[in-house]
Each structure stands twice: as C-alpha cells, then as structure tokens.
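Open the model in your viewer and keep a selection panel at hand.

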Amino acid sequence: MELIDVMSGALLVTLGIAAFHPEFRRRIVRLNRRGRTLHAILAIVPLAIGLHSLSHAIVPFSPVPSGLGTLLALVALIVTSVLLVTRRIQPADTNRTRRVLVVGAHPDDLELGCGGTLAKLIDEGAEVHAIVMTNGSVGAEGDTRVTEAETAARFLGIASVQVFDEPDTNLHLVENRLMQLIEETIKRVEPDLIFTHSAHDHHQDHESVHRATLRAARGHQSILCFESPSATREFSPSVFVDVSEYTDIKVHAVHEHRDQRRKPYMHANVLLGITAFRGRQARCDHAEGFEPVRLAFSTIGVN
C-alpha cells in the first residue's frame, strides 16, 4: 500500500464530497455559464480520481497504473481551471445604478417569470427588491414557501424580498390593500423599473396583482409585465431580454422552490423550452419576454 496513493486519494475524495456543500454549489452555478455542468465536474472528477487512487493503494496489482491517477488529477485541474475562467459570466459594463422592483402574487412567480432577467440586471449593477403578496399557503406549507422564496432571492442576489400574508387565491377581495402595499414599497424603493404580472393570465391572483400594481404605479414611467405558466394565448411580448448566459441560473432559482417541484411547469425542460421560444422571437438563443405597459428605454439598461 503506497502512502502517497492513500493520501492523495483521501484528499481528492474529501474535496469531491466538499463540492456538494450547498454554498459552494450556489456560487458555482450562479457565477458561471452552464454552472450546473461545471459543478458536476468539480464534484464527480475528484471523487472518481480519489477512489481510483485508494483502490490502487488497496489492490497494488491493479491493472490500472498508479501514475494514471496523478495524470488524470493534473488534467482535471487544468480543464477545471480553464472552465472556471472561460465560462464565467461577464456582465456588460455600466455606469448606471438602477433600482428595480418586482411584484409577484406567490413565491416562485418572480423566478418563473423573470429570474434570468433579474440575475442579469443584478450582475450589471442593479439593486433589485421584491415583494410577494401571498405565502402560497393554499395547497402548501406557508412557512416553507416563505423560506424558499428567501433562499431563491439570496441565490439571485436580490437585495430584499418581503412576503406578505394576503389571502392566497382570493387577492381580488383585497385589491385596495394590495395597491396600498405596492404604493408604499414604490415610495420606499424609488425604482427605475417595475416588473409585475400580465393582465393576460388565467390565474385570478395574477390578474389582481397586475391591476393593483398599475394603480399603485400610475405615475411611473417604466412597467414591464412578465410571462407566467398560466399566461393566456393573448400574452404577446414585444420587449425581450437575452438570458442565454442565465438559463442555468433561472432553472436553479426556480428549483429552490422545492415544495413546488412536482408541478409540470417547474421542470427544466419546460423552462428552457419557453426561453428558447422567446429567444427565437428575439433572434438570440434564450430570452425572457415582457409586455410593456410603458417603457422609458433609459431605465431598462440591459443588453
């Protein structure tokens, strides 16, 4: 049994296991294009090479040469270093600090509707704030969904997220209250740009939040309406944001809402299908589409 094989194998296995730590995974996925694939490499390769080294130490007459493990480790280190440099997301330079407010009806609405755009805005220097009108307690555990909303917001880099306890599925009963909450938030945040639900949506709560937002932001110059899984055929975006580098980030943010992961619209293939379709309309690989209520182009500031 060679001591060097045991030591190197144990170290690599430890590094591979450590790579599964949620915070490490979050940073790799959030900061790199195809971050989920890169994280898998960083976790699986050290484990595989480490186990190989340990097996060679235990079975000295292994047909696989011991030097192969060292060679593979070196190659993996070089490849991983190159990927970490070349696949890192490089947001466009901007001299403008923008404030953005996003208003949703339920936890996960924001990530589903504009998660990629929010991540891109944040990387370009915007300060994003979010408010969610219900804790999504109908058919789920409200406290759990609030925690998931906070986790997803932290992953994206949202400056603040506030989840209110208005009546889930019955927001039409409290539209004046919604308007007041949104109006107070607009005064506090002073956003340059506001995102909210579209009027073209089958879900009654989404319609109520749309109406309340438009009333609360009646004097605001830039309001964009995002697409939700319950959007109707009438949803027709004319503003698009290229999120080709942010598809993994959008999927990861949506999947932070683990309580809802069994819903068909939460699946990665569905999310990527929508962004690919909107990307085709926008003449890029992947995009998120928005209906403008009104839009001052000096305020959106994304490429």
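Begin by selecting helix α2 and helix α6 (residues 142–156), whose axes come within 10 Å and cross at roughly 55°. Axes here are lines fitted to C-alpha atoms, for helices over the stretch in contact, with angles from 0 to 180 degrees between N-to-C directions. Helices (H or I, at least four residues) and strands (E, at least two) are DSSP runs, numbered from the N terminus. This is a predicted model: local features need pLDDT of at least 70 and side-chain atom pairs count only at pLDDT 80 or more, while totals for chains, interfaces and linings use all residues. Residues are numbered from 1 along each chain as its sequence is written, and side-chain values use heavy atoms, with hydrogens and water left out.

The helices α2 and α6 are therefore oblique to each other (under 35 degrees counts as roughly parallel, over 145 as roughly antiparallel, 65 to 115 as roughly perpendicular and the rest as oblique). Show the side chains of R26, V29 and R30 in α2 and of R154, F155 and L156 in α6, which make the contact (heavy atoms within 4.5 Å). By class, the contact of α2 with α6 has three nonpolar, no polar and three charged residues. Ala, Val, Leu, Ile, Met, Phe, Trp, Tyr, Cys and Pro count as nonpolar, Asp, Glu, Lys and Arg as charged, and the others, Gly among them, as polar.

Stay on α6 and select A152. A152 counts as buried, at 0% relative accessibility (buried is under 20% relative accessible area, exposed over 50%, partly exposed in between; 1.4 Å probe, protein chains only). Apart from neighbours within four places in sequence, A152 touches E111, A253, E256 and H257.

On the α2 side pick R25, V29 and R30, which meet D248, I249 and H252 in α9. This contact of α2 with α9 divides into two nonpolar, one polar and three charged residues.

Which residues form the aromatic pair? Select F195 and F290: the pair is tilted, 5.2 Å centre to centre with 50° between the planes. Rings of Phe, Tyr and Trp (its six-membered ring) pair if their centres lie within 6.5 Å; planes under 30 degrees apart count as stacked, over 60 as edge-to-face and the rest as tilted. F195 lies in strand β4 (residues 193–197) and F290 in strand β7 (residues 287–294), so the pair ties together parts that are 95 residues apart in sequence. Both F195 and F290 are buried.
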